[in-house]
Amino acid sequence: MYPAYSVIFFTTASGAGYALMVLLSLLAVLGVLPAERWFGFTGFLIGLIAVTAGLLSSTYHLGRPERAWRAFSQWRSSWLSREGILAVATFVPAGLTALGWVFFEQIWWLPALLLVALAITTICATAMIYASLKTVRRWRNGWTLPGYLTMAFASGVLWLCLLCAVFEIRGEPLLWLALISIFAASLVKLGYWRFVDTETGNATAGSATGLGRFGKVKLFAAPHTEENYLLKEMGFKIARKHALKLRRIALLLGFAAPVLAILIAALMPQATLFLFILAVLANAVGTLTERWLFFAEARHVVTLFYGADVA
């Protein structure tokens with residue numbers, strides 16, 4: 001599948017923004033984080049900007065962005081529509097939670113918990129946009145939803161650790177939470193890549209054309225002589241050696257570098273701010289790389305009509 005930069009940015013930024021607001025709200029309700037005005041203002045500002053920027057960028061992948069509002073009417077059958085409705089609905093409890101935190105320095109637990117529920121559900125709906133597609137085997141599996149959730153929370157908790165460092169808020173439990181989140185995300189990602197490398201596909205040119213019972217089906221001639229929308233969007237290919245190289249970059253920057261920064265920060269508290277700046281930046285690059293691969297390595301069944309053996 002073609003790795004559209006707008007969708008890559010959308011899934012990365014919105015996931016981190018929702019996860020940051022979830023962690024802010026939940027940990028504040030539990031009393032782990034203080035209801036300090038400027039800390040809450042900065043945290044929610046970053047989270048809302050990330051979510052809004054991600055949602056707006058996603059519309060650029062549409063053929064007619066001005067008609068994006070019509071997607072909201074298809075909520076009965078479309079995960080894209082459900083994700084849009086949930087994303088808009090999440091702004092209400094997010095605004096109320098930020099209002100109480102910033103103006104009254106109080107944690108209003110009801111909108112805060114509603115924000116937690118809606119934000120997590122929105123991340124799940126985003127993942128289901130891809131996990132529900134029967135035509136893409138490398139998306140329709142048990143790894144896609146956990147991958148989106150764990151990657152989002154790995155990014156969100158690093159942003160929260162950085163905020164705590166900026167406002168000099170003691171957050172030793174956050175270091176453990178960050179390590180657990182990153183470790184979980186890395187395990188899920190490795191499991192997903194193992195699945196990608198070992199799955200053989202359940203659709204062939206024979207099953208697609210219905211001619212498989214007569215023997216092996218091969219492409220005799222391409223359906224057309226010039227590249228079209230299908231080849232551009234669904235026929236994107238990446239060389240195996242390039243994919244392995246990018247996976248190493250994603251693992252190194254997305255997981256290993258942040259873990260190293262956290263461990264050093266635990267031993268050198270005076271360098272915490274600098275280390276978490278590096279951790280957030282490294283994780284962002286690693287996550288973008290991972291998300292690019294998520295799209296680039298996917299194979300749509302339509303490629304069977306253009307010479308692919310399996311999909």
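**Note on the predicted model: cavities, salt bridges, cysteines and surface**

1. Three cavities of 30 Å³ or more turn up in a search of the whole structure. A cavity here is a set of points, on a 1 Å grid over the protein atoms alone, where a 1.4 Å probe fits but cannot get out. Grid points are joined across faces, edges and corners, and the volume is the space filled by probe spheres set on the points. The largest cavity holds about 70 Å³ of space.

2. On the basis of the note: this is a predicted model, in which local features need pLDDT of at least 70 and side-chain atom pairs count only at pLDDT 80 or more, while totals for chains, interfaces and linings use all residues. Residues are numbered from 1 along each chain as its sequence is written, and side-chain values use heavy atoms, with hydrogens and water left out.

3. What lines the largest cavity? There are 13 lining residues, where lining means having an atom within 4 Å of a point. W143, G147, Y148, K189 and E290 lie nearest the centre. The elements giving two or more residues to this lining are α5 (144-166), α6 (172-198) and α10 (272-296). α5 gives the most, with five residues. Helices are DSSP runs of H or I with at least four residues, numbered from the N terminus.

4. K189, E290 and R291 are linked in it. A salt bridge is a side-chain nitrogen of Lys or Arg within 4 Å of a carboxyl oxygen of Asp or Glu. Between R291 and E290, the closest N and O atoms are 3.2 Å apart. R291 and E290 are both buried. Buried means under 20% relative accessible area, exposed means over 50%, and partly exposed lies in between (1.4 Å probe, protein chains only). The salt-bridge count comes to six.

5. R247 deserves a look. Its side chain meets that of D197 in a salt bridge, at 2.8 Å from N to O. This pair links distant parts of the chain: D197 is in helix α6 and R247 in helix α9 (residues 240-267), 50 residues apart. R247 also forms a salt bridge with E297, with the closest N and O atoms 2.8 Å apart. That pair links distant parts of the chain too, as E297 is in the segment after α10, 50 residues from R247. Which of these residues are buried? R247 and E297 are. R247 has a relative accessibility of 6%. D197 is partly exposed, at 37%.

6. Cysteines next. The whole structure contains zero disulfides. C161 is in none, and the nearest cysteine sulfur, that of C164, is 6.5 Å away. C161 is buried, at 4% relative accessibility. C164 is buried as well, at 4%.

7. On the surface, L26, V29, L30, V32, W109, L110 and L113 form a nonpolar patch, with about 650 Å² of accessible area together. The elements giving two or more residues to the patch are α1 (5-29) and α4 (109-131). α4 provides the largest share, three residues. L26 lies in helix α1 and is partly exposed, at 32% relative accessible area. Patch residues have over 30% relative accessible area and no salt bridge; nonpolar side chains (Val, Leu, Ile, Met, Phe, Trp, Tyr) are joined within 5 Å. Accessible areas come from the Shrake-Rupley method with a 1.4 Å probe; for residues, only the protein chains shown count as cover.

8. Two loop residues are worth checking for backbone geometry. Most residues other than glycine have a negative phi. E105 has a positive phi, near 50°. E105 is in the loop between α3 (79-104) and α4, and is partly exposed at 36%. E168 also has a positive phi, near 55°. E168 is in the loop between α5 and α6, and is exposed at 72%.

9. One more loop residue. K216 sits in the loop between α7 (205-209) and α8 (229-234). K216 is exposed, at 65% relative accessibility. Its C-alpha is separated by 20 Å from that of E199, 17 residues apart along the chain.

Definitions and conventions. Patches are made of residues with over 30% relative accessible area and no salt bridge: like charges are joined within 9 Å, nonpolar side chains (Val, Leu, Ile, Met, Phe, Trp, Tyr) within 5 Å. A disulfide is a pair of cysteine sulfur atoms within 2.5 Å. On a 1 Å grid over the protein atoms alone, a cavity is a set of points where a 1.4 Å probe fits but cannot get out, and a pocket is an open set with protein on both sides within 12 Å along at least five of seven lines; lining residues have an atom within 4 Å of a point.
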